[in-house]
Amino acid sequence: RRSDIKIKVFSSYESMSHPNISYTTDLTEMLQYKIVVAGKTVPGHKFAKAFKAAKEKNLANKTRFILDYTVPFIPINLQQFPEIKQIPIGLLRVNSKSFLRGHFDVCMSHDQDHIYPCHAGCIMN
């Protein structure tokens, strides 16, 4: 149990009450954290608006990594903050020579022999 870990959720809906979890609708708050985990698709214009507001307010950026679990992975325009690296983490690499190999869905923009876990479940069903 780690009581020092604090979680900030970008959502207008507060689904649970916990002392280590808080909610916000201000996307600029993500810049207060070194590591951000993205789990839902947020339109690019919302990130652009938040980054622009952060620059205008001269907010310090502590963020270095956005670990992105969204499916499909959509790159965020990080030109205003080149020190931030967005990393897709919801992607599996297929090591088998016969199982789930090849291009499964070109529109999901991943390399050959890679697959999203949820898509693997759809194919196997």
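**A chat about sheet, patch and salt bridge**

Author: The count of salt bridges comes to one, a salt bridge being a side-chain nitrogen of Lys or Arg within 4 Å of a carboxyl oxygen of Asp or Glu. The model is predicted, so local features need pLDDT of at least 70 and side-chain atom pairs count only at pLDDT 80 or more, while totals for chains, interfaces and linings use all residues. Residues are numbered from 1 along each chain as its sequence is written, and side-chain values use heavy atoms, with hydrogens and water left out.

Reader: Which residue forms a salt bridge with E29?

Author: The partner of E29 is K8, and the closest N and O atoms are 3.0 Å apart. E29 lies in the loop between β2 (21-24) and β3, and K8 in strand β1 (residues 7-10), so the pair ties together parts that are 21 residues apart in sequence. Strands (E, at least two residues) and helices (H or I, at least four) are DSSP runs, numbered from the N terminus.

Reader: Is E29 buried or exposed?

Author: E29 counts as buried, at 19% relative accessibility, whereas K8 is partly exposed at 31%. Buried means under 20% relative accessible area, exposed over 50%, and partly exposed in between (1.4 Å probe, protein chains only).

Reader: Now the sheet. What is the order of the three strands?

Author: The order is β3-β4-β5, in an open sheet with parallel pairing. The edge strands, β3 (35-38) and β5 (85-88), each pair on one side only. Two strands pair if DSSP finds at least two bridges between them.

Reader: How many bridges join β3 to β4?

Author: Four bridges join β3 to β4 (residues 65-68). I35 stands opposite F65 in β4.

Reader: Which residues make the nonpolar surface patch?

Author: The patch, of about 470 Å², is made by I35, V37, F65, Y69 and I89. Patches take residues with over 30% relative accessible area and no salt bridge, joining like charges within 9 Å and nonpolar side chains (Val, Leu, Ile, Met, Phe, Trp, Tyr) within 5 Å. Accessible areas come from the Shrake-Rupley method with a 1.4 Å probe, and for residues only the protein chains shown count as cover.

Reader: And where does I89 lie?

Author: I89 lies in the loop between β5 and β6 (92-93), and I89 is partly exposed at 40% relative accessible area.

Reader: Last topic: what does A54 touch?

Author: A54, in helix α1 (residues 44-56), touches T28, L31, L59 and F81, not counting residues up to four places away in sequence. Contact means heavy atoms within 4.5 Å. A54 is buried, with a relative accessible area of 0%.
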